Amino acid sequence: MNAESFERRFLQLLWLGALLAAGLALVDSPLPMPVDSGLVAHVSGLVAGYLAAIMVVLMSRVPILERRIGPDVLARWHGRGGRTFLILVLVHAGAAVQSWATARHEDSYTALFHILGLPGLMAATVGTVIFVVIAAISIRTARRKLSYERWHGIHLLTYVAILLSFVHELGGPNMAGHPVIQITWSLLYLYALALVLRFRLLAPLEYLWRHRLRVEAVIPEANGVMSLVLRGRHLNELGAESGQFFRWRFLTRSTFHMAHPFSLSAPPRNDLLRITVKQLGAGTSQVHAIQPGTLVLAEGPSGAMTARRRTRDSVLLIAGGVGITPMRAMFETLEHRGGQLTLLYRASTPGDVIFRHELEQIAQRRGAQLIWMIGRSADPENQMTADNLRRLVPDIAERDVYLCAAPALAAAVRKGLSGAGVPARHFHEENFAF
């Protein structure tokens, strides 16, 4: 099954689950069921509860999802699902208060007071407040003011909010008195939690014990760019591929709490991995200060931007700045299928070019094409327009295109590729932004 088919079937499975969750509103309901605030409260609450478990699954870093769908796609689904979940929770709360007020001929404030006195409702309300706070800090303008580590730490409160709401879910009118439904619902949540524990906590510790990964060398590459060569045992067991990344946690006093997603910048070997890091902020500055011998906890490999996505004989790799890291590894390992392999590398100055000598050697050895686009982005010949792309790569519309670049350049490339006639299904990209 190819990546697109897997993604489509997985989404179909999620939609089926949502329909089954909504169908629980029929339990113990009179037929025909009146379409009123009570029905809205039941359906929205049940689907929201289902979505809470699914949001955990999407971020559990299950290998098959990370490698077949891609963590960037999963993160987008998580973001959209999270917004939908919050809307459903607020709709559920409002509809439940309205339904209670109507049934008991009370005003909304009195109904709310009575509802909060029910078992589990106060805890669920606190959980809802936590969800709202997390949603507020996830708004792009607010998120930009926080470091990833602080944002991630606050985001972990999601698990607390889910726990606070769980008792209310099991005690709701559609589940109370139905042990089979309660057990099934509980198993869904236990499964989601088990995935998190297995792949976000136990797997990295298992890798640390099994592979004993350490920094062997720190090598300057270009302006503000360093490569870290990592040596370990049995690294072939990881199944890493060119184009993928790991989340790296360097076990020093100042960096153990930070996990950074860095791509492999060279094909993985049985005992060596290499990553290349550009100094962009406080976190990457600390990585630059890492010393040889440092023990490393690696989580992965992750990422679907690999040769598995390839569908055509000819391939164009486009890299901008430090985005060369996964492209350099793929440039060396992509299989020849009788077509052309081209790497287009965009950099602002010659001093910003990374791996120049390596890239030239690979191009010569493999008979591949290497195109340099170096200079000010304001210069017309350095812009990623459709005309420029067609001029540099005349058969671009007949190629698979892989891209790794900063957001502004990536947006320009996407627009240029669309204008050059590259179908979306032949364009492959991953975005590490949080």
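Two strands pair if DSSP finds at least two bridges between them. Helices (H or I, at least four residues) and strands (E, at least two) are themselves DSSP runs, numbered from the N terminus. With that in hand, welcome to this structure.

This is a predicted model, in which local features need pLDDT of at least 70 and side-chain atom pairs count only at pLDDT 80 or more, while totals for chains, interfaces and linings use all residues. Residues are numbered from 1 along each chain as its sequence is written, and side-chain values use heavy atoms, with hydrogens and water left out.

**The chain as a whole**

The protein chain has 15 helices and 11 strands. Its C-alpha trace spans about 80 × 50 × 40 Å along the principal axes. Of its 434 residues, 46% count as buried; buried means under 20% relative accessible area, exposed over 50%, and partly exposed in between, with a 1.4 Å probe and protein chains only. Among contacts with a separation of 6 or more, 71% link residues 24 or more positions apart, where contact means heavy atoms within 4.5 Å.

**A run of parallel strands**

Let us follow some neighbouring strands. The table lists how they are joined.

| Strands | Bridges | Sense |
|---|---|---|
| β7 and β8 | 6 bridges | parallel |
| β8 and β9 | 6 bridges | parallel |
| β7 and β10 | 5 bridges | parallel |
| β10 and β11 | 3 bridges | parallel |

Start with β8 (residues 341-347). All 7 of its 7 residues are buried, so this strand is largely enclosed by the rest of the structure. In a regular strand the side chains alternate between the two faces of the sheet. In β8, Leu341, Leu343, Tyr345 and Ala347 lie on one side and Thr342, Leu344 and Arg346 on the other, and both faces are covered.

Strand β7, helix α12 (residues 324-333) and β8 form a right-handed β-α-β unit: with the strands pointing away from the viewer, the path from the first strand over the helix to the second runs clockwise. Helix α12 has 8 of its 10 residues buried, so the helix is largely enclosed by the rest of the structure. Its buried residues include Ile324, Met327, Arg328 and Phe331.

The chain gets from β8 to β9 through helix α13 (residues 356-366), in a right-handed crossover.

Now turn to β10 (residues 400-404). Here 5 of the 5 residues are buried, so β10 is also largely enclosed by the rest of the structure. Asp400, Tyr402 and Cys404 point one way, and Val401 and Leu403 point the other. Tyr402 is the bridge partner of Leu317, a link to β7 (residues 315-320). Leu403 has Glu429 as its bridge partner in β11. From β10 the chain passes through helix α15 (residues 407-419) to β11, and this β-α-β crossover is right-handed too.

**A closer look at Arg198**

Where does Arg198 sit? Its place is in helix α10 (residues 179-211). Arg198 counts as partly exposed because its relative accessibility is 34%. Leaving aside neighbours within four places in sequence, Arg198 is in contact with Ala203 and Glu206. Ser60 is 138 residues away along the chain, and its C-alpha atom is separated from that of Arg198 by 8.5 Å.
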